[in-house]
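Please read them with the structure open.

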Number of protein chains: 2
Amino acid sequence: MPLDETGAISVLPVTGIGEVLPGDRLDEVLAQALGPTDGDRPTLHDGDVVVVTQKIVSKAEGRLVEVDHRDPEAKVRLVEAEAVRVLRRRGELLITETSHGFVCANAGVDLSNVAEGTAALLPLDPDRSARRIRAGLQRRLGVEVGVIVSDTFGRSWRQGVADVAIGCAGLAAVVDLRGTTDAAGRELVATEVCVADELASAAELVMGKDRAIPAAVIRGVSPAWLRQGSVAGEVVRRADEDLFR
Amino acid sequence: MPLDETGAISVLPVTGIGEVLPGDRLDEVLAQALGPTDGDRPTLHDGDVVVVTQKIVSKAEGRLVEVDHRDPEAKVRLVEAEAVRVLRRRGELLITETSHGFVCANAGVDLSNVAEGTAALLPLDPDRSARRIRAGLQRRLGVEVGVIVSDTFGRSWRQGVADVAIGCAGLAAVVDLRGTTDAAGRELVATEVCVADELASAAELVMGKDRAIPAAVIRGVSPAWLRQGSVAGEVVRRADEDLFR
């Protein structure tokens, strides 16, 4: 039987994005890379999800600070300043809670793929960053898309990093399937799926860490997911509801 | 600029898989659903990754036990019997370590989408389950594919569940990009990406929890990832290396 293309999802790398500098407007950068130059057909469609890495969002928003890369203590001081809580320490690795409520390594401070002597901090409000990009793409290209700002996080009990969503707009972060029934007719429990994280992970597969691809487009996402959404409101678990803080 | 199809990944749902019963051979079930009936072209290609949910693997392997769904204490006893360690408890929710070393809710015991009065336990060795499916597909269809057995896990600090890999074959679980350089020429650190988990998450996006789609095919994965791999060997973090046990 041929594979069913109907329910398929495509994950497409966005190429041609150059170096992003403080003050750049990412909606303009993305519109140039994705604009309607493919004949008359826009290359970005209504219902697409655009995933943009934290790194270029932080650069565009000027979230850069000076730090001596050769001085481990300076890096630790910077991480401590960015964190609201340090949960664990092992050598230079700090597992931290950020002002956003994210639990991640080194408060999300990013020392790779930025200019020597600088570090990129997380966007102040990644949901807002996503909303701005979404509104700009709508204005410039006339398309209604979902937007995710992604970052690369470690996980407590599993080796290897994976991309997650730190902000989103025009897209449900968590889709609640509770109350729907399973194939045997019983009510399903615990099926709140974090589709924003799954989409961020899917996007990472085409970006690669060693290539300069900071954005991807995901096509074929369920239209039901394209509603107002927020990582801060739907994904971040409050410390007092968490079993591991 | 048109979107670049070259580096794209497609995630395709596998439809037409009926109820799986103990003793069924999943390679046969998948070969029937994916076999070369599309004219002369096989619908499964060399280099594809086939993602199969834990639920049908457990059913095929007969990992079913009786449990009274209406009796919460019976369910807790079953979970305690399956777990090698209980890390946290809140009401009926137990965060557990399994014999495989996975940390997950309720020892992976699965009460939805199985017959009333039964529960599905995790496969004994999900890497081996993946290897068997891979070998069977190679024998039946003449294709070399990667295989992932996926399951749905919660995360310590984030709301909503996401699919991860609990077993794999013919596919690197973690891709090590350490030693490659970033765009500024500096050596990258901490870029061991758990592509198996990211692929499992991508597959979940086309499966849905309320539809009976227990498998997906991912096409376009980097050929460099298609080597011998293992979730047990690459992803499971040893308790003594973990900061949260």
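**Notes on the model**

1. Chain A contains six helices and twelve strands; helices (H or I, at least four residues) and strands (E, at least two) are DSSP runs, numbered from the N terminus. This is a predicted model, in which local features need pLDDT of at least 70, side-chain atom pairs count only at pLDDT 80 or more, and totals for chains, interfaces and linings use all residues. Residues are numbered from 1 along each chain as its sequence is written, while chains are lettered from A and ligands numbered from 1 in the order in which they are written.

2. Of the 245 residues in chain A, 51% are buried. A residue is buried if 20 or more other C-beta atoms lie within 10 Å of its own, exposed if 12 or fewer, and partly exposed in between, with C-beta atoms placed from the backbone. Among the contacts in chain A with a separation of 6 or more, 64% are between residues 24 or more positions apart. Two residues are in contact if their C-beta atoms, placed from the backbone, lie within 7 Å.

3. Chain A is split into domain 1 (10-55 + 123-235) and domain 2 (64-122); the bounds come from an automatic or database domain assignment. Ten residues from domain 1 of chain A and ten residues from domain 2 of chain A make up the contact. On the domain 1 side, helix 2 (54-60) and strand 8 (146-153) of chain A are the elements that give two or more residues. The residues of that side are six nonpolar, two polar and two charged. Here Ala, Val, Leu, Ile, Met, Phe, Trp, Tyr, Cys and Pro count as nonpolar, Asp, Glu, Lys and Arg as charged, and the others, Gly among them, as polar.

4. In chain A, three strands in the order 4-5-6 form an open sheet with antiparallel pairing; strands pair if DSSP finds at least two bridges between them. Strand 4 (83-90) and strand 6 (103-105) of chain A are at the edges with a single partner strand each, so one side of each has no neighbour in the sheet. From one strand to the next the twist averages 25°, using axes that are lines fitted to C-alpha atoms, for helices over the stretch in contact, and angles from 0 to 180 degrees between N-to-C directions.

5. Six bridges connect strand 4 of chain A with strand 5 of chain A, and Val86(A) is opposite Thr96(A) in strand 5. The hairpin of these strands has two residues between them, and Gly91(A) takes a positive phi near 60°.

6. How many bridges join strand 5 (residues 93-98) of chain A to strand 6 of chain A? There are three, and the strands run antiparallel. Ile95(A) has Ala105(A) in strand 6 as its bridge partner. Four residues lie between the strands of this hairpin, where Gly101(A) in the turn has a positive phi of about 95°. Five of the six residues of strand 5 of chain A are buried, so the strand is largely enclosed by the rest of the structure.

7. In chain B, strand 12 (residues 215-219) has four of its five residues buried, so it is largely enclosed by the rest of the structure. Strand 1 (residues 9-13) of chain B pairs with strand 12 in the antiparallel sense over four bridges, with Val11(B) opposite Ile218(B). Strand 2 (residues 49-53) of chain B is also antiparallel to strand 12 and joined to it by four bridges; Val50(B) has Val217(B) as its bridge partner.
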